[in-house]
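Please open the model in your viewer and keep the sequence panel alongside it. The tour below moves from one selection to the next and says what is to be found at each stop.

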Amino acid sequence: MTTAPAPVPLSLPVPVVLAGARGHGRTHLDNLRRLQGKGLVRLVGICEPAPLTAGEIPAGLGSPAQSADLGALLDTTGARVAVLCTPIPTHTGLALTAAERGVHILLEKPPTPSMAEFRRLSDGIARAGVACQIGFQSLGSHAVPAVRELIAQGAIGEVTGAGGAGAWARDEAYYRRAPWAGRRRLNGTDVVDGVLTNPLAHITATALALLGTTRAQDVTGIETELWRANAIESDDTSCARLTTTRAPLTVAATLCAEHPGEPYVLVHGTSGRITFWYKQDRVLLQRAGHGPQEFHHGRTDLLENLLAHLTSGTDLLVPPDTTGAFMRLVEAVRTAPDPAPLPAAAWRTPPGEHRRTVPGVDALVAAAADTLSLYSELGAAWARPKEMTRG
């Protein structure tokens, strides 16, 4: 991929437009208020199909211009950065709309719903010469370089593999929050809103970063097992094994946990292992001949890092090409057969709750990360080997 020239340094505060200010976008509004208070940004525009009311805009952000047309909003406000927190199928088009105007980008994960779209996005950004940061917030954790340094020092011997585990719960309303939620396709367009590619996408991206295998060419093979307990198109209980140029990586995830917990990545070595709870920036080092050691790390906000890149030349933490390996997984999920429904006996609805749980799935997810095995290899009664696909 062509490397974009270094952008011309910007002056503070940087004018910013936010596209997608409801739902998860509210976290970006809060972050923009924080950064505006520090004198780093000025929110000049909000792009939403329906304008936000005054009560929806946090105090301190003033009265930014509003429009449903991102291009027009960028033109009239003079924004230099666009934060894009919109439905997955819109990512490429909106990012290129910004890039063509010389506007730098923070783009929510997953970057695109297909590898073809990812190439179109990457090529357009490089051609425009703008900076783009992909919103894998876990990769802003200072634990990532710290764990990589532990690995490089031989703290756990030779790396033999990595596992990722995520056991979360989502209720029925989660799949009704937007027309694209839980869909593989919508109106003929790829969406790929499955557990591995969207809500728990950070597991795979983080594990690949710890292994140092973040680019598309670092992944040489992928096996997937995609299942759904909910009445949706996409997967909600799945696992995948990626063959990388360094070590195998198995990721297991569910949105049907009995007892939801913190997702984590586990790096296995010949003489120990490292567990990283990426939402907590917490690391546990366990190795032969030593007692366990726990470390807590700070975190760099990705928009703040993008601003530092644009004003003082700081390296971007998550440029698009470092998410190519993750996009290989997205493509494998996209092209796999549609997720198989779990048999009715395999899930239940807890009393008083509006969600489905899969009995035993919490332990199954943990075992997959611990043994680098797929669900079918762990003996789950519903995970028949014939449902596995390879890519």
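This is a predicted model: local features need pLDDT of at least 70, side-chain atom pairs count only at pLDDT 80 or more; totals for chains, interfaces and linings use all residues.

## Hairpins

Begin with the hairpin formed by β15 and β16, where 5 residues lie between the strands and Gly289 adopts a positive phi near 80°.

Now select the two strands themselves: β15 and β16, the latter spanning residues 293-296, are paired in the antiparallel sense through 4 bridges. Within this pairing, Val283 is the residue that stands opposite Phe295 of β16.

Gly272 has Arg287 of β15 as its bridge partner. In the hairpin of β14 and β15 there are 4 residues between the strands, and here Asp281 has a positive phi near 55°.

## The whole chain

Zoom out until the entire chain is in view, and colour by secondary structure: there are 9 helices and 18 strands. The radius of gyration is 21 Å, close to the 21 Å that the globule rule gives for 391 residues, so the chain is as compact as a globular protein of that length. Taken along the principal axes, the C-alpha atoms fill a box of roughly 60 × 50 × 40 Å.

If you colour by accessibility instead, 57% of the 391 residues count as buried. Among contacts with a separation of 6 or more, 71% are between residues 24 or more positions apart.

## Helix α2

Select residues 70-77, which make up helix α2, and show the side chains: Leu70, Gly71, Leu73, Leu74 and Thr77 are buried. These residues lie on the same side of α2, because they cover an arc of only 165° around its axis. Turn to the other side of the helix, and you will find Asp75 and Thr76 exposed.

What do the buried residues of α2 pack against? Their partners are β1, β2 (41-47), β3 (65-67), β4 (81-84) and α3 (91-99).

At its start, a side-chain oxygen of Asp69 comes to within 3.1 Å of the backbone nitrogen of Gly71. After α2 comes Gly78, which has a positive phi, near 70°.

## Ala21, between β1 and α1

Next select Ala21, in the loop that lies between β1 (14-19) and α1 (25-37). With a relative accessible area of 1%, Ala21 is buried.

## His91, in helix α3

Move to His91, which is found in helix α3 and is buried, at 1% relative accessibility. Its side chain reaches two backbone oxygens, that of Thr86 at 2.9 Å and that of Pro110 at 2.9 Å. Show the surrounding residues as well: apart from neighbours within four places in sequence, His91 is in contact with Thr86, Leu107, Glu108, Lys109, Pro110 and Pro111.

## Asn230, between β10 and β11

For the last stop, select Asn230, in the loop between β10 (219-228) and β11 (237-244). Is Asn230 buried or exposed? Its relative accessible area is 4%, so Asn230 counts as buried. Leaving out residues up to four places away in sequence, Asn230 touches Tyr175, Asp236, Cys256 and Arg356.

Conventions:
Residues are numbered from 1 along each chain as its sequence is written. Side-chain values use heavy atoms; hydrogens and water are left out. Two strands pair if DSSP finds at least two bridges between them. Buried means under 20% relative accessible area, exposed over 50%, partly exposed in between (1.4 Å probe, protein chains only). The arc is that of the directions from the helix axis to the C-beta atoms. Contact means heavy atoms within 4.5 Å. A polar contact is a pair of N or O atoms within 3.5 Å; within protein, one must be able to donate a hydrogen and the other to accept it, and residues adjacent in sequence count only if both atoms are side-chain atoms. The radius of gyration is taken over C-alpha atoms; the globule rule is 2.2 Å times the number of residues to the power 0.38.
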